[in-house]
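I set out to record, in order, what I looked up in this structure.

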Amino acid sequence: MKSLRLYMSCLVLLVILLLAGCRVEPKPIAYGEVNCTHCQMTVSDNRYGAEMVNDKGKPFFFDSAECLALYLHQNPDQVENAAYVLVTDFTKPNELIDARSANFIQSKELPSPMGMFLTAVSDQATATKMLQEVGGRLLNWEEALTAVQNHEKPE
């Protein structure tokens with residue numbers, strides 16, 4: 001009887017551990033250790049990294065918003081399966097924010113890893129202030145996707 005209880009307890013613990021390991025949530029980007037899903041470069045700049053987590057909880061890491069945008073453009077099925085689409089807030093390195101609500105500054109004064117000059121920040125006031133300082137243009141996520149797909153760079 002004791003062995004049956006012990007077996008059941010172990011089985012319940014194993015199920016709990018398996019379910020906990022399958023949570024759909026963002027994972028920290030291991031800068032300098034992971035490669036970009038799109039271009040295979042090492043993700044190294046903690047001001048520009050990006051991440052997509054699919055509906056099964058698998059994370060995909062990117063070295064920039066540009067690579068994330070190109071990956072989603074080339075893999076439209078992933079857009080529908082994405083639980084999270086995240087970019088790094090330039091003003092808070094290592095902090096991931098929802099790309100769909102981020103503000104993107106496209107300015108030659110802020111070179112990003114893939115040369116499209118896209119820099120994400122979480123709040124519009126910060127984005128507006130940075131835009132006044134460096135020039136360029138302010139984009140939302142949809143506009144940033146279009147700019148990347150059309151290879152638009154700042155003038």
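The entries below begin with the sheet and end with the cores.

**Entry 1**

I noted at the outset that the model is predicted. I then looked up the strand order and found 4 strands in an open sheet, arranged S2-S1-S3-S4 with antiparallel pairing. S2 (59–62) and S4 (96–98) are at the edges; each has a single partner strand, so one side of each has no neighbour in the sheet. On average, neighbouring strands are turned by 25 degrees against each other, direction ignored.

**Entry 1: the pairs of strands**

I went through the pairs in turn. S1 (residues 50–54) is joined to S2 by 4 bridges, and Glu51 lies opposite Phe61 in S2. S1 also pairs with S3, in the antiparallel sense and over 5 bridges; here Met52 faces Val85 of S3. S3 and S4 are connected by 3 bridges, and Leu86 has Asp98 in S4 as its bridge partner.

**Entry 2: helix H2 and its neighbours**

I looked up helix H2 (residues 65–74) next. H2 packs on the sheet, where it touches S1, S2 and S3 (82–88), and its direction makes about 35 degrees with that of S1. How do H2 and H5 stand to each other? The axes of H2 and H5 (residues 141–149) come within 9 Å and cross at roughly 80 degrees; the two helices are therefore roughly perpendicular. On the H2 side the contact includes Leu68, Leu72 and His73, and on the H5 side Trp141 and Leu145 are among the residues. I counted the contact by class as 8 nonpolar, 2 polar and 1 charged.

In soluble globular proteins, nonpolar side chains tend to be buried together. I therefore looked up the largest nonpolar core, which has 33 residues; Met52, Phe62, Leu68, Val85, Val87, Phe104 and Trp141 touch the most other members. The elements giving two or more residues to this core are S1, S2, H2, S3, S6 (118–121) and H5. H2 gives the most, with 7 residues. Another core, of 7 residues, lies apart from the largest one, and Tyr48, Phe90, Val121 and Met130 are among its members.

How values were computed
Residues are numbered from 1 along each chain as its sequence is written. This is a predicted model: local features need pLDDT of at least 70, side-chain atom pairs count only at pLDDT 80 or more; totals for chains, interfaces and linings use all residues. Side-chain values use heavy atoms; hydrogens and water are left out. Two strands pair if DSSP finds at least two bridges between them. Axes are lines fitted to C-alpha atoms, for helices over the stretch in contact, and angles run from 0 to 180 degrees between N-to-C directions. Contact means heavy atoms within 4.5 Å. Angles under 35 degrees count as roughly parallel, over 145 as roughly antiparallel, 65 to 115 as roughly perpendicular and the rest as oblique. Ala, Val, Leu, Ile, Met, Phe, Trp, Tyr, Cys and Pro count as nonpolar, Asp, Glu, Lys and Arg as charged, and the others, Gly among them, as polar. A nonpolar core is a set of buried Ala, Val, Leu, Ile, Met, Phe, Trp, Tyr and Cys residues joined through side-chain atoms within 4.5 Å. Buried means under 20% relative accessible area, exposed over 50%, partly exposed in between (1.4 Å probe, protein chains only).
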